[in-house]
Amino acid sequence: MLQINSTSNNFSFKAGLTNQLKREIATCDVTKVSSYFSKYKITSDFQNNKTVAWCVLKCFEILKSLNQKYNVNLGYPNGIFVEDFNKLNIDKTGVLGFTNFAPTKLYLNKDSIIPEKTIFFDKLDWNKIDEIADENYTFGTSTTDFFLETFLHEFTHVVHENNLLNNKSGADVIKFLLTMLNSDFINSFQKKYSNFIHTICNYALENPLETVACDISKRIISCIDKNTLLPQYNFIDTSPYKKLPLLKKIILQNSSKNTLYTLLNSIWQGNLNYK
């Protein structure tokens, strides 16, 4: 989910949380995780939730490894928080986590402004992340049954916004994001692209921003070694998210073919035709 105020394989990550990973979570030092994030100018408050702290650390390490090994520029969040969603001004129905896309007042009883690219996870019992992952996959709200996907999904929203901000003005980014969340536009988008997007997962059809987040999550998970939880190859090389020369970019943007690749690239670049 997000907040603003592709491969077609049915990839299934067979290995859930191993006993070793469970021991790592049980011994996770939440204070050290927050201290580590602060070195990257990421503010965090996990409210001593070891599971969330460990899982988001693993997600961060995946992005960091991709950036370092393959010289890509996948953006990091400005903040990561565990919070009681009843304290926030959001639609809480079925929401486990969300990403804030623009500076806004989120707390019902606070005047503080939450910056863009800030991730929130609900304050609940996260010990059953295997079961949560299986349920999400069964109902089509995630692309795999990988236990990190709920967390990784929010990081991919940040990755997407970071790319938009690197290529557009702040005002243009906000305009694009608001349009992608406009109900009339979403209805038209779903009718036009339903056949393509269902190959990712059902939830990818929610809106264009979820389409990209689901697709990137799926691609990252497909390249992860199930033992080290680190990427084995650069998924971007054969994806719609590869940086293209200007001429190829123009050709792709002007393509009349409604292929999934073209659609994902248009959303990724903030160039989806919505007029």
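Two strands count as paired if DSSP finds at least two bridges between them. Keep that in mind for the first stop, and remember throughout that you're looking at a predicted model.

**Stop 1: a pair of strands.** Select residues 97–100, which form strand 4, and then 118–122, which form strand 5. The two run antiparallel, with 4 bridges joining them. Click on Asn-100 and look across: Thr-118 of strand 5 stands opposite.

**Stop 2: the nonpolar cores.** Next, select Phe-46 and Phe-151. In the largest nonpolar core, which has 69 residues, these two touch the most other members. Color residues 50–70 as well: that's helix 3, and with 11 residues it gives the most to this core. There's also a second, separate core of 10 residues; Phe-81, Ile-90, Ile-114 and Phe-120 are among them. As background, nonpolar side chains tend to be buried together in soluble globular proteins.

Zoom in on Phe-46. Ignoring neighbours within four places in sequence, Phe-46 is in contact with Val-30, Val-33, Ser-34, Phe-37, Val-52, Ala-53, Val-56, Ile-80 and Val-82.

**Stop 3: an asparagine in helix 3.** Go back to helix 3 and pick Asn-67. Is Asn-67 buried or exposed? Buried counts as under 20% relative accessible area, and Asn-67 counts as buried because its relative accessibility is 13%. Setting aside neighbours within four places in sequence, its contacts are Val-72, Asn-73, Leu-74 and Tyr-76.

**Stop 4: one side of helix 6.** Select residues 170–180, helix 6, and highlight its buried residues: Val-173, Phe-176, Leu-177, Thr-179 and Met-180. Why are they on the same side of helix 6? Because they cover an arc of only 165 degrees around the axis.

**Stop 5: cysteines.** Finish by selecting Cys-28 and Cys-55. How many disulfides does the structure hold? The count is 0. The closest cysteine sulfur to that of Cys-28 is in Cys-55, 9.1 Å away, so it's too far for a bond. Cys-55 is in no disulfide either: its nearest cysteine sulfur, in Cys-59, is 6.9 Å away. Cys-28 is buried, with a relative accessible area of 7%, and Cys-55 counts as buried at 0% relative accessibility.

Terms used:
Residues are numbered from 1 along each chain as its sequence is written. This is a predicted model: local features need pLDDT of at least 70, side-chain atom pairs count only at pLDDT 80 or more; totals for chains, interfaces and linings use all residues. Side-chain values use heavy atoms; hydrogens and water are left out. A nonpolar core is a set of buried Ala, Val, Leu, Ile, Met, Phe, Trp, Tyr and Cys residues joined through side-chain atoms within 4.5 Å. Buried means under 20% relative accessible area, exposed over 50%, partly exposed in between (1.4 Å probe, protein chains only). Contact means heavy atoms within 4.5 Å. The arc is that of the directions from the helix axis to the C-beta atoms. A disulfide is a pair of cysteine sulfur atoms within 2.5 Å.
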